[in-house]
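Dear colleague,

I am passing on the structure we spoke about, and my notes on how its chains meet follow below. Please read them with the structure open beside you.

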Amino acid sequence: MESKPPVLLTGPHYWDGDFACAEGAIAAGCRFLAGYPITPSTEVAERIAERFPLVGGTFIQMEDELASMAAVLGAAWAGARAMTVTSGPGFSLMQENIGLGVMTETPCVVVDVQRGGPSTGLPTLTGQQDMMQARWGSHGDYEIIALSPSSPQECFDLIITSFNLSEKYRVPVMFMMDECVGHMTERVVVPALSSIKVRHRRWYRGARDKYHPYVPAKDGVPPIVKAGDDYRFHITGLTHDQRGYPVINAECQHQCVSRLVGKIKDNTDRIVILEEDRTEDAEVVVVSYGISYRVATRAIDLARQQGIKVGSLRLVTVWPFPERRIIELAKKVKCLVMPEINMGQVFLEMERCASCFCRTRLVPHCGGWVHDPNDILKAILKGVKS
Amino acid sequence: MKRLDVTLGQDLRHPLEEYLRMDRIPHVWCPGCGIGTTLNAFLTAVKKSGIPRKDIAVVSGIGCSGRAAGYVKLDSFHTTHGRAIPFATGLKLANPKLTVVVFAGDGDLLAIGGNHLIHAARRNMDINIICINNFNYAMTGGQFSPTTPEKARLTTAPYGSYEHPFNVPFLVDSCGATYVARWTALHVRRLTNSILEALHHPGFSFIEVISSCPTVYARRNRLGTGLDLLKFYRDNSVIKNGANTRECDIRFQEQLIVGKFVDQEKPTYHDTMTEYLSQSVGKRYVPYQGPMQGKEEDGN
Amino acid sequence: MKYWRKPLDAAQVKPPRGEVHIVINRCKGCGFCITYCPRKVLEFSEEFNRKGYHPPVVLHPENCVNCGLCEAICPDFAIWSTPVEQPEEKKENAGGK
């Protein structure tokens with residue numbers, strides 16, 4: 001599969017975020033998708049269902065999201081690059097097997113096109129309310145990687161990054177779109193094949209009889225094999241030792257969980273992707289992600305027109321949280337402002353890191369629509385006075 | 001009684017050792033439990049089948065039967081409760097060359113995983129299900145399950161179960177399973193043959209194994225030891241190959257109809273998909289190329 | 001061997017012989033092999049094994065015909081039999097031709 005060029009539609013297109021996400025996944029070498037229809041993510045599955053037969057992929061519409069996520073894990077262990085796509089209610093159902101994916105260190109991508117909640121909420125309207133669910137939705141302790149695109153072009157670009165990160169760190173990567181980005185139609189430029197960097201799986205290369213599934217490399221991530229290659233390995237969702245065998249005691253639990261957490265935490269600086277604008281002289285920095293970033297940009301421009309020194313820090317990767325950079329900024333600004341289309345989720349993390357050094361201000365929104373830039377502007381104005 | 005000859009057989013290897021993770025044996029199952037016997041039958045069938053060991057994957061769910069994956073020296077996956085079938089579906093679709101076997105219990109497959117079971121049967125997904133039916137959730141201490149016969153007592157049915165149980169062969173038959181059999185843990189030869197047939201059967205195969213649970217089910221219902229349950233199977237099993245699955249329901253301590261009920265040919269999900277798409281998409285259709293090769297440089 | 005009727009080819013076909021092997025400390029004493037051995041080769045031991053169960057002992061080794069039922073029915077992979085080569089007896093009129 002890898003030797004064949006992915007069928008890329010190189011050139012400019014007029015796509016919505018969902019389509020761009022599907023095309024980006026194809027470009028990343030994703031050839032297995034199991035999904036279940038749910039607004040506003042369905043267009044990803046629709047596009048994949050149409051395109052996969054042309055590029056050598058297998059799409060299956062499962063009976064529910066529980067099954068979708070399980071099938072993705074199965075496909076990943078068979079050696080396919082696999083993903084699933086859903087929205088809030090389905091994302092909740094997937095948490096169980098996302099936990100299995102974390103525990104068994106299965107590379108895969110979960111796309112969540114967020115909508116307003118709780119429960120069925122606002123199926124057709126936007127929200128950013130699954131951010132904490134992305135981080136800790138499954139039971140037990142773990143660290144996860146989550147990215148948040150803010151345009152259809154980024155849906156294309158960042159889903160490739162998501163696959164690369166999932167392969168590098170052997171963890172399910174959460175691709176946190178939202179209804180606005182998913183249904184926004186914009187210019188998307190698909191680059192040439194040569195400029196798309198796809199990371200290969202971390203295949204084990206040692207002797208076949210010496211293989212143990214969970215002997216980590218230097219960065220804490222173990223190399224992987226796939227079913228059918230005569231390694232005859234065992235993986236389990238139970239707490240396991242390096243051989244992959246269940247061991248039910250506190251000592252093994254400590255080793256197992258601390259490595260699962262550590263492989264993400266210790267590599268935070270390598271994982272984190274941030275975009276900064278005009279933070280050098282800023283007195284207030286607006287920290288944002290996803291669609292809120294674009295609204296924040298407007299608010300920052302309005303504030304700059306009034307002569308207020310405002311900068312922007314955009315979280316391309318939301319999890320792991322960029323603690324170091326937030327603290328650095330907090331030490332030199334008066335206030336950090338975060339607009340979120342929820343009642344304060346990622347904000348809690350920012351507050352934890354920054355509140356010793358500067359003031360923090362949340363611009364909440366219950367969902368259904370994006371912020372009014374003036375609300376963010378008001379928070380900036382209050383922030384600069386403090 | 002005779003004295004023990006402790007030297008007997010110590011230096012010999014069990015004929016199935018190459019299929020077992022000997023570093024994990026002895027297994028967790030209680031004395032007199034039928035799961036070990038069923039695993040024995042499965043591995044014997046695998047050995048007889050001639051399918052290379054590397055091409056067989058075992059997926060199990062949670063519970064007593066779920067532990068089976070941990071003992072087989074094959075690619076084996078111990079997944080979440082009820083999700084063995086969709087995991088197996090992903091495994092099979094992403095590498096159609098694999099023979100995928102799901103080894104799970106009645107609670108796992110029929111309660112929490114019931115939706116997956118009926119849909120995999122409907123799709124005629126080419127996977128093999130070995131369903132250990134011990135009529136209860138044994139690992140958690142013996143709660144009633146969707147197969148518990150009426151009147152049987154269990155910890156969450158202390159006065160006897162008043163729910164109607166599933167007639168499992170009828171359920172999977174009506175959903176489209178193309179191979180359906182039921183045996184007990186006593187019918188080891190026939191069970192082995194059925195598993196062997198199922199391994200070579202294209203499409204969704206389902207083998208229900210009525211299995212002894214001396215520690216919980218038998219104790220709660222005062223049915224004796226595992227051996228007593230096997231004796232009950234011997235005295236009360238009626239082999240009816242080709243029986244109408246509608247008539248295969250199980251009542252508490254009554255006659256057990258066993259046999260091979262369904263064995264028919266029907267295009268599998270994979271066959272239907274590739275054939276249909278190659279017709280409707282035409283020349284532009286690119287069939288799935290199989291998984292990644294496992295040799296690519298990771299570019300660290 | 002005892003037969004309830006003498007097979008017509010009893011002169012040509014010899015019942016196979018087997019040797020039973022038991023991994024004593026793997027056994028959980030369920031008694032399946034002892035009960036269902038068609039030739040009643042096995043019996044419970046008096047002594048306990050390391051786990052505290054009574055594993056089978058081979059009471060009548062000469063009766064084993066290597067049918068393999070003990071191996072097939074054992075839930076614990078603790079018992080099996082292997083064929084025993086029998087010395088070629090001088091066959092008179094063996095097979096006729």
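A polar contact, as the term is used here, is a pair of N or O atoms within 3.5 Å, where within protein one must be able to donate a hydrogen and the other to accept it. Please keep in mind that this is a predicted model.

By that rule, nine residue pairs are in polar contact between chain C and chain B, both residues being at pLDDT 80 or more, and zero salt bridges are found across this interface. On the side of chain C that touches chain B there are 25 nonpolar, five polar and eight charged residues. Here 38 residues of chain C are in contact with 41 residues of chain B, and the two chains bury about 3300 Å² between them, with 63% of it on carbon and sulfur atoms. Phe32(C), Tyr36(C) and Phe77(C) supply 21% of the area that chain C buries against chain B, which is more than any other three residues.

Turning to chain B and chain A, 55 residues of chain B are in contact with 56 residues of chain A, and the buried area is about 4700 Å², of which carbon and sulfur atoms give 57%. Three salt bridges are found across this interface; in a salt bridge between Arg83(B) and Glu96(A), the closest N and O atoms are 2.8 Å apart. The residue pairs in polar contact number 26, and α2(B) makes the largest contribution to the side of chain B that touches chain A, with seven residues. Strand β10 of chain A (residues 234-236) runs parallel to β2(B) and is joined to that strand by three bridges, with His234(A) standing opposite Ser76(B).

With best wishes

How values were computed: Residues are numbered from 1 along each chain as its sequence is written. Chains are lettered from A and ligands numbered from 1 in the order in which they are written. This is a predicted model: local features need pLDDT of at least 70, side-chain atom pairs count only at pLDDT 80 or more; totals for chains, interfaces and linings use all residues. Side-chain values use heavy atoms; hydrogens and water are left out. Contact means heavy atoms within 4.5 Å. Buried area is the accessible area (1.4 Å probe) that two parts lose on being put together, summed over both. A salt bridge is a side-chain nitrogen of Lys or Arg within 4 Å of a carboxyl oxygen of Asp or Glu. A polar contact is a pair of N or O atoms within 3.5 Å; within protein, one must be able to donate a hydrogen and the other to accept it, and residues adjacent in sequence count only if both atoms are side-chain atoms. Ala, Val, Leu, Ile, Met, Phe, Trp, Tyr, Cys and Pro count as nonpolar, Asp, Glu, Lys and Arg as charged, and the others, Gly among them, as polar. Helices (H or I, at least four residues) and strands (E, at least two) are DSSP runs, numbered from the N terminus. Two strands pair if DSSP finds at least two bridges between them.
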